[in-house]
Amino acid sequence: MAEIVTADPGEELLSNGFTRIQQEVDSLFDALMPIPQDSRARLFEAMRYAAIGGGKRVRPLLLASTAEMYGVSREAAVRAGCAVEAIHVYSLIHDDLPCMDDDDLRHGKPTLHKAFDEATAVLAGDSLHALAFEILASTETSSDPFTRSELIATLGRASGMHGMAGGQMMDMAADSEDYDLHSITRLQQLKTGALLAASVEMGAILGHVPPEGRGHLRNYARDIGLAFQIADDLLDVEGDESKTGKALRKDEVQGKQTFVTLMGVEQAREQARALVDQAIGHLANHGEDARMLRALARFIVERDR
């Protein structure tokens with residue numbers, strides 16, 4: 001008798017979740033960035049090239065899944081998720097520039113400055129950064145001015161000198177600095193973890209969860225943020241460029257210290273799995289409502305891109 005293979009319900013949940021959020025984010029970006037009939041058209045085309053149809057949309061899905069646990073409307077969650085994704089896309093555009101990481105490929109296609117030009121890429125990144133806060137300031141995202149203000153402040157902190165941009169500065173200095181494990185952890189908490197953490201925090205803010213009630217969510221986000229970066233470091237060593245859609249082995253060429261160089265492949269992999277288990281433990285009180293957040297935590301260490 002042939003063996004019946006059943007699909008993993010967690011995988012199906014996650015696959016459906018990604019498909020839905022990708023469609024929603026692309027649809028909203030499409031509506032927010034219609035190409036004007038004037039000389040700004042090239043800027044809008046560049047923004048759309050970078051923002052529509054690329055990436056897994058991990059951050060919007062984290063935000064929407066957290067918000068769903070607290071009964072937030074899907075429209076509000078998707079709008080806030082688009083704001084986070086606009087910041088993420090802007091950061092990738094600028095990271096890829098010759099003055100930063102000088103990359104030629106992103107999501108399997110030429111980076112924005114290659115497809116257009118450097119000046120247009122800078123303006124597209126600047127405009128997506130501004131769009132993020134325009135979305136959060138809109139009453140369509142929340143009718144409550146205090147909620148809008150907290151969303152803006154949270155994303156601002158996560159994307160600036162105390163978050164993603166500060167982490168990028170530390171990363172740029174890594175070429176000449178001899179970072180230990182503590183420094184690498186701090187770097188990645190800022191560069192990668194801050195925006196992931198903001199996604200979870202913003203979902204709770206939309207749900208009117210008071211700051212003192214978000215501790216377990218912050219712990220969850222901290223753990224998946226570190227696990228995400230360890231998985232990225234492992235992919236840089238072991239990944240397949242045809243799947244990741246970007247250049248790999250760059251850290252080794254540049255002589256940068258990473259979780260993998262400091263811990264070794266096997267210990268790094270074990271640490272990532274331990275962090276995911278720990279992250280999932282922080283969601284114990286949410287029961288079935290946190291199924292998607294648990295599935296996302298597992299995806300972070302199992303992904304191949």
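A salt bridge joins the side chains of Arg-48 and Asp-30, with N and O 2.6 Å apart. A salt bridge is taken here as a side-chain nitrogen of Lys or Arg within 4 Å of a carboxyl oxygen of Asp or Glu. The pair links distant parts of the chain, 18 residues apart: Arg-48 lies in helix 2 and Asp-30 in helix 1 (residues 9-32). Helices (H or I, at least four residues) and strands (E, at least two) are DSSP runs, numbered from the N terminus. Asp-30 counts as partly exposed because its relative accessibility is 38%. Buried means under 20% relative accessible area, exposed means over 50%, and partly exposed lies in between (1.4 Å probe, protein chains only).

The model is predicted; local features need pLDDT of at least 70, side-chain atom pairs count only at pLDDT 80 or more, and totals for chains, interfaces and linings use all residues. Residues are numbered from 1 along each chain as its sequence is written, and side-chain values use heavy atoms, with hydrogens and water left out.

The structure holds 18 salt bridges. Among them is the pair Asp-96 and Arg-106, whose side chains meet at 2.8 Å, N to O. This pair also links distant parts of the chain, ten residues apart: Asp-96 sits in the loop between helix 4 and strand 1 (105-106), and Arg-106 sits in strand 1. Both Asp-96 and Arg-106 are buried.

Another salt bridge pairs Glu-201 with Arg-218, the closest N and O atoms being 3.0 Å apart. Glu-201 belongs to helix 9 (residues 181-206) and Arg-218 to helix 10 (residues 215-238), 17 residues apart. Glu-201 is buried, with a relative accessible area of 15%. Arg-218 is partly exposed, at 36%. Salt bridges that share partners join Glu-150, Glu-201, Arg-214 and Arg-218 into one network.

Helix 2 (residues 41-51) also packs on helix 6 (residues 118-137). Their axes are 9 Å apart, at an angle of about 70°. Helix 2 is therefore roughly perpendicular to helix 6. Axes are lines fitted to C-alpha atoms, for helices over the stretch in contact, and angles run from 0 to 180 degrees between N-to-C directions. Angles under 35 degrees count as roughly parallel, over 145 as roughly antiparallel, 65 to 115 as roughly perpendicular, and the rest as oblique. From helix 2, Arg-42, Leu-43, Ala-46, Met-47 and Ala-51 meet Thr-120, Leu-123, Ala-124, Ser-127 and Leu-128 of helix 6. The residues of this contact divide into seven nonpolar, two polar and one charged. Ala, Val, Leu, Ile, Met, Phe, Trp, Tyr, Cys and Pro count as nonpolar, Asp, Glu, Lys and Arg as charged, and the others, Gly among them, as polar. Contact means heavy atoms within 4.5 Å. Buried residues in helix 2 are Ala-41, Phe-44, Ala-46, Met-47, Ala-50 and Ala-51.

Arg-57 has a phi near 70° and is found in the loop between helix 2 and helix 3 (58-69). Arg-57 counts as buried, at 2% relative accessibility. Asp-102 has a phi near 55° and lies in the loop between helix 4 and strand 1. Asp-102 counts as partly exposed, at 44% relative accessibility.

Helix 14 (residues 265-281) and helix 15 (residues 291-302) cross at roughly 175°, and their axes come within 9 Å. The two helices are therefore roughly antiparallel to each other. Helix 14 contributes Ala-272, Arg-273, Val-276 and Ile-280 to the contact, and helix 15 contributes Arg-294, Ala-297, Arg-298 and Val-301. These residues divide into five nonpolar, no polar and three charged.

The largest nonpolar core has 89 residues, of which Leu-62, Leu-128, Leu-155, Tyr-220 and Leu-296 touch the most other members. Helix 4 (residues 74-95) gives the largest share of this core, twelve residues. A nonpolar core is a set of buried Ala, Val, Leu, Ile, Met, Phe, Trp, Tyr and Cys residues joined through side-chain atoms within 4.5 Å. Beyond its neighbours within four places in sequence, Tyr-220 is in contact with Leu-62, Val-200, Ala-279, His-282, Leu-283, Leu-293, Leu-296 and Ala-297.
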